[in-house]
Amino acid sequence: MSVVSGLLSNALVSGAVLALAGLGELLAERVGVLNLGVEGLMALGAMSAVAAVSGTHDPAVGVLAALATGAAAGSLFAFATVVARASQVLCGMALTMGGMGLAATLGRPFAGQPSAATFPVLPIPLLDRLPVLGDALFRQSLPVYVAFLILPLFLHWLLFRTRHGLALRAIGENPAACDAVGMKVLPLRFAYVVLGAAISAGAGAYLTLGFVPSWSDGVTAGRGWIAVALVIFAGYRPWRIVAGALLFGFVGALGYLAQARDWGIPSAFLGMLPYLVTLLFMMLPALTGRGRVAAPAALGVAYYRDQR
Amino acid sequence: MRGFVVQRVPSVSGRVRNAAYAVSALVAVFVAGLLLAALGLHPLALGGSVLKQSLGSRFGVQDLLLLASPLVMCGLSVSLMLRVGLWNIGADGQFYVGAACAAGVALFGPHGSPLLVQITMGLAAMAGGALWIAVPALARLLLGTSEIIATLLLNFVARLGLDWLVTGPWRDPHGMAAAQTARIPDPLPKLPRDWHLGGLHWGLAVVLGLAALLAAAFRFTRWGFELRICGANRDTAAYAGMNVRRRLFQAMLLGGAIAGLGGMLELSGTVHRLQSGLSNGYGYVGIIVAVLAASSPLGCVFTGLLMALVLNAGLVLQTQGVPSSAALALTGLILLFAAIGERLAHYRIVPTRPVAGAGGVA
């Protein structure tokens, strides 16, 4: 593989984790729930995927285990924030701490070992023979195609081309009005927070069955938080989230390249790059004068019918 | 027959809220106990040994106080910013930067009188912590960037930077360990021996003094009053002629400085050298300390001790073969239950049938 091809391939692989996590977060935020627990969900998903494949050697089982774990943890979070209407910031922090702590505790038997199974490469016929791009873009595993093509396509269609999606976006903007016309605000919020949590946990499964691929304590390394930031500066749009994920993947891949080729930059500084670039990009929309990105108006606000 | 309805009240008194937090924390510990029982451990015996190790001996109490000090400092940092309605999730990073600045002064600065060195270290740490939060603070106030994520991202940067320092340029040239500096020449002195608190250092007094100072500032000074109003309602504060943006900026810088000072006290008083993993997630636990204390500075001292007890439980669990990260899971559980409990405290049960007349024909 040439340098360009290798860089692009690496960017796709590490970007896929962020894209999946970000798309999961997008669903929760579009219905008005800020889920700051992505990091914890990813850790739980990553750990349960590794645990599941250690017995079955089937990555599909690992993904299912991660999705189920994410949905379970997401239900707890949704119960706290949507039903009990507790502070979304606090519950998100709690989900991050609890998820990381639980994953580290239960995942200790598997820590540091290579995953028992990883995603097989799924080359796209004909396209994979393209020069330079073929190797990088069309010789990836299924989750990469899902993260960069299938899921954003589906979510864009769902959110912006269907009546149901219109309802979802409206609930994130003005739940009181939605309630007044008979939409089920709380059940829909609950359902999409859980669905988003499952997808974010699925990102963790790809992390430990595809990208790294092994489980260790702290393997998520702040990617969940980068995903949250990604959703904000992508303006809550699926395709932009995916593009941003690719960009961040590229920054990360550059770091690896610099390390592998020994450009003389200490690896600690290269490791800082993704976080600093994320911080910069969060400030960028306001800096370039495009104003603040329009967040869903009811994001982070609990809905009470009697407060209409 | 009397019916009942559940009513929601818009706001509750501080006493009710504190009670809700206490009950929630107890429920969280109870649930954790059930989980441990499901794992085949004996939660009551474990709880007993946690209490015995932490409170049963003078050593235990001293260790508890030493562990609580950084937690209280981070809690004070978070609570100061919570008072103005902002989240400081970056206390961990500020703690690290503060410790690194203090270590730089101690290792490479001039050797003066011990007191002067300590003061310089403290000032350097506070400057470092304040500087570390300055970018998120400016981004929040000028650009509207979420301070939650901005402060948090810098935690990772600080941690990586510290790892680089202690494995690279500042690494102990004579030591065996790979990731630490040499011992600092003049650590913070211990408390006087006749106080019978032999293992403790003066940092503890600084922590308590700072908590008292902040409490007094909030209660008795115009500055503290303005901070409280800015937190309660920014529009009201602006309408009353307060410079809201300046107050928020001051609160954020001071919050960063306090967390940085916490790093200096941990370095100079307890650990005596800069090493990676100096903060064992103290900044994150500080969030819980501040929330459970309802961002009261004096309350932070109490809840800091409580959370130190929880972290100690992690150490006890480790002796039972459960990884110490279980304590992190427990802190998450406590935070979740506290957040839910705070909401549930807003409900009350009232009888549906009004009591007729003064005679009460019920």
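How many of the 11 residues of helix H11 (residues 282-292) of chain B are buried? In this predicted model, the count is 11 of 11, so H11(B) is largely enclosed by the rest of the structure. The buried set comprises Tyr282(B), Gly283(B), Tyr284(B), Val285(B), Gly286(B), Ile287(B), Ile288(B), Val289(B), Ala290(B), Val291(B) and Leu292(B). Just after H11(B), Ala294(B) adopts a positive phi of about 50°. Ser295(B), in the loop between H11 and helix H12 (297-319) of chain B, also has a positive phi, near 50°, and is a residue other than glycine. Ser295(B) has 21 other C-beta atoms within 10 Å and is therefore buried, the threshold being 20 or more.

Chain B as a whole contains 13 helices and 2 strands. Its radius of gyration is 23 Å, close to the 21 Å that the globule rule gives for 362 residues, so chain B is as compact as a globular protein of that length. The C-alpha trace of chain B spans about 85 × 60 × 40 Å along its principal axes. Of the 362 residues of chain B, 49% are classed as buried. Among contacts in chain B between residues at least 6 apart in sequence, 75% link residues at least 24 apart.

The 2 strands of chain B pair with each other: E1 (residues 4-8) and E2 (residues 347-351) run antiparallel and are joined by 5 bridges. Within this pairing, Arg8(B) stands opposite Tyr347(B) of E2(B). The number of buried residues among the 5 of E1(B) is 0, so this strand lies largely in the open.

The largest nonpolar core has 223 residues, of which Ala46(A), Leu230(A), Ala99(B), Ala102(B), Val289(B) and Leu335(B) touch the most other members. Helix H9 (residues 185-211) of chain A supplies the largest share of this core, 16 residues. Val289(B), one of the residues that touch the most other members, is also among the buried residues of H11(B). With residues up to four places away in sequence left out, Ala102(B) touches Met121(B), Ala124(B), Ala125(B), Gly263(B), Met264(B), Leu267(B) and Ser268(B).

The contact between the chains involves 39 residues from chain A and 37 residues from chain B. On the side of chain A that touches chain B, two or more residues each come from helix H4 (88-106), helix H10 (223-233) and helix H12 (267-287) of chain A. H4(A) gives the largest share of that side, 13 residues. By class, the side of chain A that touches chain B consists of 28 nonpolar, 7 polar and 4 charged residues.

A further positive phi, about 60°, occurs at Arg85(A), which is not a glycine. Arg85(A) is placed in the loop between helix H3 (59-83) and H4 of chain A. With 20 other C-beta atoms within 10 Å, Arg85(A) is buried.

Notes: Residues numbered from 1 in each chain as written. Chains lettered and ligands numbered in written order. Predicted model: local features only at pLDDT ≥ 70, side-chain atom pairs only at ≥ 80, totals over all residues. Buried ≥ 20, exposed ≤ 12 C-beta atoms within 10 Å, placed from the backbone. Helix = DSSP H or I, 4+ residues; strand = E, 2+ residues; numbered from the N terminus. Pairing = 2+ DSSP bridges. Contact = placed C-beta atoms within 7 Å. Nonpolar A, V, L, I, M, F, W, Y, C, P; charged D, E, K, R; others polar. Core = buried A, V, L, I, M, F, W, Y, C linked by C-beta atoms within 7 Å. Rg over C-alpha atoms; globule rule 2.2 N^0.38 Å.
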